[in-house]
Amino acid sequence: MRDYELVVGIETHVQLSTKTKLFCGCDNDAREAAPNTKICPVCLGLPGALPVLNAEAVRLALRAGLALNAEATLVKKTKFDRKNYFYPDLPSGYQITQFDQPIVGLGHVDVPMGDTPFRVGITRAHMEADAGKLTHPEGADYSLVDYNRASTPLLEIVSEPDITSAAQAKAYATELHNLMRYAGVSDANLYYGNMRFDVNVSVRKVGAKALGTRTETKNLNSFKAIEKTVDYEYARQVEVLEGGGTIVQETRGWDDTKQITYSQRTKEDAMDYRYFPEPDLPPIVINQHMVDAAMGEIEYLPQDIRQAAAAADLPPREVEVLIAEPTLAALWYQINIENPKQSKFAFNWLIGDQIKLAESRGQTIAESDISSLTIGMVGSLVAEGKLSSTNAKVLLAHLWDKDGGAMAVAEKLGLLQQSDAGAIEAIVDGVIAAHLEPVTQYRAGEIKVMGFLVGQVMKASKGQANPGLAGEVLKRKLEVSDE
């Protein structure tokens with residue numbers, strides 16, 4: 001298989017997070033709705049029902065274009081077209097989409113992937129109305145159709161065939177998922193299909209210029225499935241070619257149980273859809289003012305988080321864990337602005353104990369009373385030696401349900417460290433007197449017992465002694481007494 005190289009392009013359908021659908025006033029969120037309860041004559045393509053464009057969908061598409069580094073291609077005239085095909089989930093017999101004048105033109109995505117980042121070109125991104133959803137009951141000789149999804153606003157992002165491995169395909173899809181969420185374009189919930197990936201795979205002899213015949217595996221909704229699909233299709237296509245066969249241009253599906261792709265239907269070309277301009281919708285002129293307004297709505301993108309994290313000397317791999325959770329990243333980013341000295345403390349807590357705490361409470365941090373100011377203040381108390389790292393976790397757990405002020409709650413709960421040298425000396429004297437054997441061992445050169453003695457000081461102080469100061473006082477007293 002080393003004689004063949006892999007070529008991958010990905011078409012991504014992103015459901016725009018508008019309140020209503022693309023061309024009507026029906027609710028755009030039908031995740032928990034009963035089938036066919038979020039529909040109207042426009043959704044059903046009934047004769048005489050005219051579409052009216054949702055302006056918010058245009059604004060979100062412009063934000064997506066900026067996130068895709070396509071700013072230079074946004075100021076333009078764009079229009080809608082009819083894409084004609086017949087399928088049970090498309091009651092009108094055509095889809096309203098964009099053909100030759102998409103709202104977003106050339107752009108690119110810079111993808112982080114360990115030590116080998118890479119760039120994927122974006123060919124275009126166009127708006128379109130989604131179709132309905134077919135369900136095929138097992139063992140039945142019929143299908144069920146739900147039109148709740150019909151006419152929901154989609155942005156289809158088409159990449160260049162710049163991806164050359166399954167790992168790159170997964171990394172690109174992951175970064176695109178991040179970009180759409182950070183730009184506020186979509187909820188991008190993979191489980192509910194707010195973001196779906198169609199993966200085009202072809203192979204060619206190493207050094208060949210022409211692309212091989214591609215297959216398109218549709219509607220993947222997990223990054224793992226994307227990676228597995230690419231690996232499987234590469235091996236399958238090479239096996240076909242090595243056996244003297246030819247690759248058929250077709251649409252395929254992914255069977256997650258069997259971990260294989262399977263043929264669904266022959267893949268159509270653009271000419272088969274008989275595109276023509278949508279007669280019921282006028283062209284749209286995108287001006288610079290609209291683009292500037294969209295730019296002002298984007299606070300920051302994943303790369304801004306990475307740059308700030310690099311400046312704070314945070315580990316890149318763990319930073320990607322933070323970026324994968326925009327709510328956590330937003331908190332950290334705010335703390336890094338408000339209290340930059342505590343950005344590392346905040347980072348460690350957010351991707352560590354916070355996750356365990358959220359799971360135990362059955363709440364996300366967004367549903368708690370924890371704020372960026374609270375986390376920064378707790379970090380400051382640790383930095384000032386007023387709070388141990390252990391008690392910082394205890395304090396934040398108490399503040400999760402009711403934020404009464406970090407300092408006030410720490411005092412009320414008796415969590416503040418004792419940093420009074422005189423008080424700690426008295427405790428240390430008592431520990432030395434009560435533990436003569438480990439004291440003798442330390443003075444004989446067994447310095448590892450120091451940890452035990454510090455622990456005894458902490459126990460005697462009920463966890464309130466500053467451990468660093470306790471260690472210093474212990475060492476000074478033990479060494480002085482030994483002279």
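A polar contact is here a pair of N or O atoms within 3.5 Å, where within protein one must be able to donate a hydrogen and the other to accept it, and where residues adjacent in sequence count only if both atoms are side-chain atoms. The model is predicted, so that local features need pLDDT of at least 70 and side-chain atom pairs count only at pLDDT 80 or more, while totals for chains, interfaces and linings use all residues. Residues are numbered from 1 along each chain as its sequence is written, and side-chain values use heavy atoms, with hydrogens and water left out.

View 1. The side chain of Thr 215 makes a polar contact of 2.7 Å with that of Glu 233 and another of 3.3 Å with that of Gln 237. Thr 215 counts as buried, at 1% relative accessibility (buried means under 20% relative accessible area, with a 1.4 Å probe and protein chains only). Strands are DSSP runs of E with at least two residues, helices are runs of H or I with at least four, and both are numbered from the N terminus.

**View 2. Pro 102 in the loop between β4 (94–97) and β5.** Pro 102 is buried, with a relative accessible area of 10%. Leaving aside neighbours within four places in sequence, Pro 102 is in contact (heavy atoms within 4.5 Å) with Lys 76, Thr 78, Arg 124, Ala 125 and His 126. The C-alpha atoms of Pro 102 and Met 127 are separated by 7.3 Å, although these residues lie 25 residues apart along the chain.

**View 3. The largest nonpolar core, with 106 residues.** Such a core is a set of buried Ala, Val, Leu, Ile, Met, Phe, Trp, Tyr and Cys residues joined through side-chain atoms within 4.5 Å. The residues with the most contacts inside this core are Ile 157, Tyr 172, Met 180, Trp 332, Ile 375 and Leu 395, and helix α2 (residues 166–182) gives the most to it, with nine residues. Again leaving aside neighbours within four places in sequence, the contacts of Tyr 172 include Ile 10, Val 109, Phe 118 and Ile 157. A second, separate core of 18 residues includes Ile 432, Val 439, Val 449 and Ala 470.

**View 4. Lining of the second largest pocket.** Of the 27 residues that line this pocket, Pro 112, Met 113, Gly 114, Arg 306 and Glu 320 are the closest to its centre. A pocket is, on a 1 Å grid over the protein atoms alone, an open set of points where a 1.4 Å probe fits, with protein on both sides within 12 Å along at least five of seven lines, and lining residues have an atom within 4 Å of a point. Helix α2 gives the most to the lining, with eight residues.

Key: Buried means under 20% relative accessible area, exposed over 50%, partly exposed in between (1.4 Å probe, protein chains only).
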